[in-house]
Amino acid sequence: MLPGTGRDLRLHDTATGGLVTLDPGPEARIYVCGITPYDATHMGHAATYTAFDLVQRVWLDNKRQVHYVQNVTDVDDPLLVRAAETGEEWTALADRETDLFRDDMTALRNLPPREFVGAVEAIPRIVPLVERLRDAGAAYELDGDIYFSVESDPRFGSVSGLDAATMRELSAERGGDPERPGKKNPLDPLLWSAERAGEPSWDGGSLGRGRPGWHIECVAISLDHLGMTFDVQGGGSDLIFPHHEMGASHAQVLTGQFPFARAYVHSGLVALDGEKMSKSRGNLVFVSQLRRDGIDSVAVRLALLDHHYRTDWEWTAHGLQHAQERLARWRDAVSRPEGPHAEGLVEEIRAALAEDLDSPAALAAVDRWAALQRTEGGTDTGAPGVVSRAVDALLGVAL
Ligand code: 5CA
Ligand code: ZN
C-alpha cells in the first residue's frame, strides 16, 4: 500500500481539443488499438502501449477496477503482403509476432489487458454489424465489397475535426481507397471485402465470403466487451484519421448513441533519424533486439517515460544511456537503509501523472529525491521502501 490516496485522471481528448476529467465510476473502460503482427514491436509501439499502461496504473491507484481491451489485427493487407514476400504462412507469421509482442510488453512491465482479441476470432461479431449497417441504408455494395457511407452519420468528422481535403489525403495514405470509382463518397471505408483469389476468406452470411474491414473490427470488439460510451479510445496519433473517426461513426450509426468514447487519446509518434519509425520505412529499433543485446528493459521503459506521451520525439542511443544512468542512481538511492521522507514524492508522482500523464515531471520528482538521498541522506527508515513501491506501482519501474 502507498501512503495517501489516488487522484482522478485528466486526459487530453482529441475530439474536444481540451483536457477532460475522467470519473469512470467503479470500473473504468478503455480500448487501445493493438498491433498488426507482421513485424516485431518497435519503440513507437512500445511508447504508445506504455503511455496507456500509465492510464491503467493511475486508475488502479485511484481504486478503480479497469476493464482494458486490446485487439490484434491478425488479418489485414500488410500481414498478407509480408507473408507472401517471405513465403511464410500468414497465420504462422501472425502467431509468432503476437507472441513476441506479448513477451515484449511483459518485459516492459505493461500490465496486460483483461481481453486481448483477434480480428479473426471477432468475425462472427463483425458480420451481423455490417448486415445491420447495410439494412439501415448506412452501407452499400460495390462489386461484392461493402462500404460504409460516411454521409449516414451527421456527426462524421467530430473526432478529428479535419477538412475534407485533408481527410482525403490521409485516407489514401492510411489504407483507404479514395480513388476507387463508384463510391458514394471517396472517404467511404470498407466494411467487408469480398473474397479474392489467393487470400483467406470467411463465411460472411448474407455478405458472402470475404474478410472484414479494419475499422469495423475495433468497433465490434469494443462494443462486444465494453459497450457504447466507454471512457478512453486510445492509440497513436496516426490513428486519429481515418481509423478512430470511422470507428466512432460506425458505432454511432449502429447504436444511435453519442459519443462512442468519452475521450479519444492519442500518443505522439516516435521517430528514428528524423523519420516516423514504421515497418514500411524499415528504420526500426526493436524491443526484442534490445533485450537480446542484454539491455535492461526497465531502462528502456525509463527512456520511453522521459518523453511526454503527446509529443513526437526521436529514439536515440543517448536517450537510452541517460535512462540507464538514471536507473542506476535510483537503484542506489533505494538500496540504503534510510532516506529523506517520501510522502511528498508520492504525491508529486500522482499529481504529475493525473494531469495528462506528465511522466517527465514524475521522473524529475524521483530524481530530486534520489539527489537529496545522495547529498544529505535522511533518517526515515521506511522511505526507500515507499519510493521503491511507488515507482513500481505508479510508473511500472522495478528498482
Ligand atoms: N492494428 C492497428 C490498430 S487497430 C495498428 O495500427 N497496428 S500497428 O501495428 O500499425 O500500430 C500499433 C499501435 O502503435 C497503434 O496505436 C499505432 O498508432 C502505434 N504506432 C505505430 N507506429 C508508431 C510510432 N512510430 N510511434 C508511436 N506509436 C506508433
Ligand atoms: Zn483499432
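1. Helices and strands here are DSSP runs, numbered from the N terminus. The model is predicted. The largest share, four residues, comes from α1.

2. Look next at the contacts of ligand 1. There are 24 residues around it, and Gly 34, Thr 48, Thr 73, Asp 238 and Val 270 come nearest. A polar side-chain atom of Asp 238 lies 2.5 Å from an oxygen atom of the ligand. Thr 36 places a polar side-chain atom 2.9 Å from a ligand nitrogen. Gly 44 uses its backbone: an N or O atom there lies 3.2 Å from a nitrogen atom of ligand 1. The protein covers 94% of the 600 Å² of accessible area that ligand 1 has on its own.

3. Now the zinc ion (ligand 2). Its protein donors are Cys 33 (SG), Cys 218 (SG) and His 243 (NE2), at 2.1 to 2.3 Å. The site is tetrahedral, with angles of 101 to 119 degrees among four donor atoms. In sequence, the donor residues are spaced C-x184-C-x24-H. Cys 218 in helix α6 (residues 214–225) and His 243 in helix α7 (residues 240–255) link distant parts of the chain, 25 residues apart. Both Cys 218 and His 243 are buried.

4. Finally, the hairpin. Strands β1 and β2 (residues 18–22) pair in the antiparallel sense over five bridges. Asp 13 stands opposite Gly 18 in β2. Four residues separate the two strands, and Gly 17 in the turn has a positive phi of about 75 degrees. Strand β1 (residues 9–13) is largely enclosed by the rest of the structure, because four of its five residues are buried.

Terms used:
Residues are numbered from 1 along each chain as its sequence is written. Chains are lettered from A and ligands numbered from 1 in the order in which they are written. This is a predicted model: local features need pLDDT of at least 70, side-chain atom pairs count only at pLDDT 80 or more; totals for chains, interfaces and linings use all residues. Side-chain values use heavy atoms; hydrogens and water are left out. Buried means under 20% relative accessible area, exposed over 50%, partly exposed in between (1.4 Å probe, protein chains only). Two strands pair if DSSP finds at least two bridges between them. Donors are N, O and S atoms within 2.8 Å of the metal (3.2 Å for Na, K and Ca); water is not among the atoms, so sites may look incomplete. Four donors count as tetrahedral if all angles lie between 85 and 135 degrees; four count as square planar and six as octahedral if opposite donors are over 155 degrees apart and all others between 65 and 115; anything else is irregular. A residue is near a molecule or strand if one of its heavy atoms lies within 4 Å of it. A polar contact is a pair of N or O atoms within 3.5 Å; within protein, one must be able to donate a hydrogen and the other to accept it, and residues adjacent in sequence count only if both atoms are side-chain atoms. Accessible areas come from the Shrake-Rupley method with a 1.4 Å probe; for residues, only the protein chains shown count as cover.
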